[in-house]
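Here is a short report on a single protein chain.

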Amino acid sequence: MPDPLTITAAITLAGKCINGVTKAVNSGRELESAMGHISRWFECVSDINAAENRAKNPSIFQKVTAAKSVEKEAFDALIAKRKMAEQRKTLYELITYSWGKDAWIELVQMEKEIRAERKKQIHARQEFKQKIADFIAIILFVIFFLGFIIGFVWLFQQGGSSE
């Protein structure tokens, strides 16, 4: 299940970034002065997409413990996607107004490249950590189960040999 605080924080930060870009452009400053806001917005989009992917592919432990929150996860993902679409439209308008449509096309291409690189680095690490946690949980369950069986057999032998 995606962490609702993470998604909420990412949506909030993304909104602040778009507002910062809009204020910069509306006050007559060049779009270049707002590039920090734009790059942070793309990071928020990436974080939201990663949270959505984790929700679509939950770990074994999450499937067992959080099975009843499917509707909430779907609703949160829908809200996040709608807000990101609105903000993306605003960003498109600001960039095409300031630099033209070619700049937007170039930005979208760069976004794809950065997303692929980030996926390799950050999100792959998160997936690896989740797999390690799942592996540990499975190992602990197997040890517990084997201990239970061995204890049951031992008790059975103790009860059977006293006669």
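In which helix does Ala 10 lie? Ala 10 lies in helix H1, residues 4-26. The model is predicted.

**Overall layout**

The protein has 5 helices and 0 strands. From the N terminus on, the order of elements is α-α-α-α-α. The protein has 163 residues, and buried residues make up 25% of them.

Ala 10 has a relative accessible area of 7%. The cut-off for buried is under 20%, so Ala 10 is buried. Its C-alpha atom is separated by 7.0 Å from that of Asp 47. Along the chain, Ala 10 and Asp 47 are 37 residues apart.

Gly 15 also lies in helix H1. Gly 15 counts as buried, at 15% relative accessibility. The C-alpha atoms of Gly 15 and Trp 41 are separated by 7.9 Å. These two residues are 26 apart along the chain.

Two further pairs involve residues of other helices. Lys 81 lies in helix H4, residues 70-99. Lys 81 counts as partly exposed, at 45% relative accessibility. Ala 103 is found in helix H5. Ala 103 counts as buried, at 17% relative accessibility. The table collects the C-alpha pairs.

| Residue pair | Separation along the chain | C-alpha distance |
|---|---|---|
| Ala 10 and Asp 47 | 37 residues | 7.0 Å |
| Gly 15 and Trp 41 | 26 residues | 7.9 Å |
| Lys 81 and Val 45 | 36 residues | 9.1 Å |
| Ala 103 and Tyr 92 | 11 residues | 9.7 Å |

**Helix H2**

Several residues of H2 are buried, among them Ile 38, Trp 41, Phe 42, Cys 44 and Val 45. The buried set also includes Ser 46 and Glu 52. Further along, Ala 50, Ala 51 and Ala 55 of H2 are buried too.

**The second largest pocket**

The second largest pocket has a volume of about 270 Å³. Its lining has 13 residues, and the closest to the centre are Ser 39, Phe 42, Glu 43, Glu 111 and Ile 114.

Which helices supply at least two residues each to this lining? They are H2, residues 35-56, and H5, residues 101-161. H2 gives the most, with 7 residues. By class, the lining holds 7 nonpolar, 2 polar and 4 charged residues.

**Aromatic pairs**

The count of aromatic pairs comes to 3. One of them joins Trp 41 and Phe 42: their ring centres are 5.1 Å apart and their planes stand at 75 degrees. An angle over 60 degrees counts as edge-to-face, so this pair is edge-to-face. Both Trp 41 and Phe 42 are buried.

Phe 141 and Phe 145 form another aromatic pair, and it is stacked. Here the centre-to-centre distance is 6.3 Å, with 15 degrees between the planes. Both residues lie in helix H5. They are 4 residues apart, about one turn of the helix.

Is Phe 141 buried or exposed? Phe 141 is exposed, with a relative accessible area of 54%. Phe 145 has 44% and is partly exposed.

**Cysteines**

How many disulfides does the structure hold? The structure holds 0 disulfides. The sulfur of Cys 17 has its closest cysteine sulfur in Cys 44, at 5.2 Å. A disulfide needs sulfur atoms within 2.5 Å, so this distance is too far for a bond. Cys 44 is likewise in no disulfide, and its nearest cysteine sulfur is that of Cys 17.

Cys 17 counts as buried, at 1% relative accessibility. Cys 44 counts as buried, at 3%.

H2 gives the most residues to the lining of the second largest pocket. Trp 41, Phe 42 and Cys 44 are among its buried residues. Trp 41 pairs edge-to-face with Phe 42, and the C-alpha atom of Trp 41 is separated by 7.9 Å from that of Gly 15. Phe 42 is also one of the residues closest to the pocket centre.

Technical notes. Residues are numbered from 1 along each chain as its sequence is written. This is a predicted model: local features need pLDDT of at least 70, side-chain atom pairs count only at pLDDT 80 or more; totals for chains, interfaces and linings use all residues. Side-chain values use heavy atoms; hydrogens and water are left out. On a 1 Å grid over the protein atoms alone, a cavity is a set of points where a 1.4 Å probe fits but cannot get out, and a pocket is an open set with protein on both sides within 12 Å along at least five of seven lines; lining residues have an atom within 4 Å of a point. Grid points are joined across faces, edges and corners, and a volume is the space filled by probe spheres set on the points. Ala, Val, Leu, Ile, Met, Phe, Trp, Tyr, Cys and Pro count as nonpolar, Asp, Glu, Lys and Arg as charged, and the others, Gly among them, as polar. Rings of Phe, Tyr and Trp (its six-membered ring) pair if their centres lie within 6.5 Å; planes under 30 degrees apart count as stacked, over 60 as edge-to-face and the rest as tilted. Buried means under 20% relative accessible area, exposed over 50%, partly exposed in between (1.4 Å probe, protein chains only).
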